[in-house]
Amino acid sequence: MREPYRLVRARPEPEFEISVDGSPVPAVPGQTVGAAMHGAGIRSWRTTRFGGRPRGLFCGIGVCFDCLVTVNGTPSLRACLTEARPGDRIDTGGAAGGPVGGR
Ligand code: FES
């Protein structure tokens with residue numbers, strides 16, 4: 001199977017780690033925090049105020065604000081627009097579900 005980066009002859013840089021609620025999550029340069037979390041199987045990390053329903057990436061383009069996280073102490077950043085940087089500490093308030101099937 002041909003991977004997209006090979007089709008454009010890109011040379012991806014080595015992956016690095018961020019932490020999500022203290023757990024290591026791999027990311028690659030240029031990837032958003034939300035994409036790294038999704039790639040690690042984390043599908044939700046917030047809940048609705050009423051009903052407590054799970055929320056995570058929804059629109060993926062910065063419109064819905066369902067993906068808010070705290071990055072290195074800065075609250076209310078949209079995970080889908082925030083580029084992951086080596087060593088970033090992502091805090092979801094402890095609501096991040098684990099891999100698929102977690103929440
Ligand atoms: S997923 Fe909608 S703003 Fe991030």
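A residue is called buried if 20 or more other C-beta atoms lie within 10 Å of its own, exposed if 12 or fewer do, and partly exposed in between. F65, with 13 C-beta neighbours inside 10 Å, therefore counts as partly exposed. With that scale in hand, this briefing goes through a predicted model of a protein that has two helices and seven strands. Of its 103 residues, 24% count as buried.

**Overall layout**

- Read from the N terminus on, the elements of the protein follow one another as α-β-β-α-β-β-β-β-β.
- Contacts between residues 24 or more positions apart make up 44% of the contacts in the protein that have a separation of 6 or more.

**The sheet**

- Five strands form an open sheet, in which the order is β2-β1-β7-β5-β6 and the pairing is mixed.
- The strands β2 and β6 stand at the edges, where each has a single partner strand, so one side of each is left without a neighbour in the sheet.
- On average, and with direction ignored, neighbouring strands of this sheet are turned by 40° against each other.
- β1 and β2 pair in the antiparallel sense over five bridges, and V20 stands opposite S23 of β2.
- β1 is also joined to β7, in this case by two bridges between strands that run parallel, and the bridge partner of S19 in β7 is R89.
- β5 and β7 (residues 89-91) run antiparallel and are joined by two bridges, with V71 standing opposite I90 of β7.
- Three bridges join β5 to β6 (residues 74-78), and these two strands run antiparallel; the partner of L68 in β6 is R78.

- In the hairpin of β1 and β2, two residues lie between the strands, and D21 takes a positive phi near 50°, although D21 is not a glycine.
- D21 lies in the loop between β1 and β2, and because it has 16 C-beta neighbours inside 10 Å, D21 counts as partly exposed.
- The hairpin formed by β5 and β6 also has two residues between its strands, and N72 in the turn has a positive phi of about 50°.
- F65 is a further residue other than glycine with a positive phi, here near 60°, and its place is in the loop between β4 (54-55) and β5.

**The nonpolar core**

- The largest nonpolar core has 17 residues, and those with the most contacts inside it are I18, V33, A36, M37, V69 and A79.
- The elements that give two or more residues to this core are β1 (16-20), β2 (23-27), α2 (33-39) and β5 (68-71), and α2 gives the most, with three residues.
- A36 touches I18, V25, P26, A27, Q31 and A84, when residues up to four places away in sequence are not counted.
- In a regular strand, the side chains alternate between the two faces of the sheet.

**Two exposed residues**

- P24 has its place in strand β2, and because it has 9 C-beta neighbours inside 10 Å, P24 counts as exposed.
- Residues up to four places away in sequence aside, P24 touches E17 and S19.
- P24 and G87 are 63 residues apart along the chain, yet their C-alpha atoms are separated by 9.4 Å.
- G30 is found in the loop between β2 and α2, and with 11 C-beta neighbours inside 10 Å it counts as exposed.
- The C-alpha atoms of G30 and E83, which are 53 residues apart along the chain, are separated by 6.2 Å.

**Confidence in the model**

- The mean pLDDT of the protein is 89, and 89% of its residues reach 70 or more.
- Over residues 98-103, however, the pLDDT is below 50, and this stretch has eight contacts in the model beyond near neighbours in sequence.
- Where pLDDT is low, the predicted coordinates should not be read in detail.

Methods
Residues numbered from 1 in each chain as written. Predicted model: local features only at pLDDT ≥ 70, side-chain atom pairs only at ≥ 80, totals over all residues. Core = buried A, V, L, I, M, F, W, Y, C linked by C-beta atoms within 7 Å. Helix = DSSP H or I, 4+ residues; strand = E, 2+ residues; numbered from the N terminus. Contact = placed C-beta atoms within 7 Å. Pairing = 2+ DSSP bridges. Axes fitted to C-alpha atoms, helices over the stretch in contact; angles between N-to-C directions. pLDDT = per-residue confidence, 0-100.
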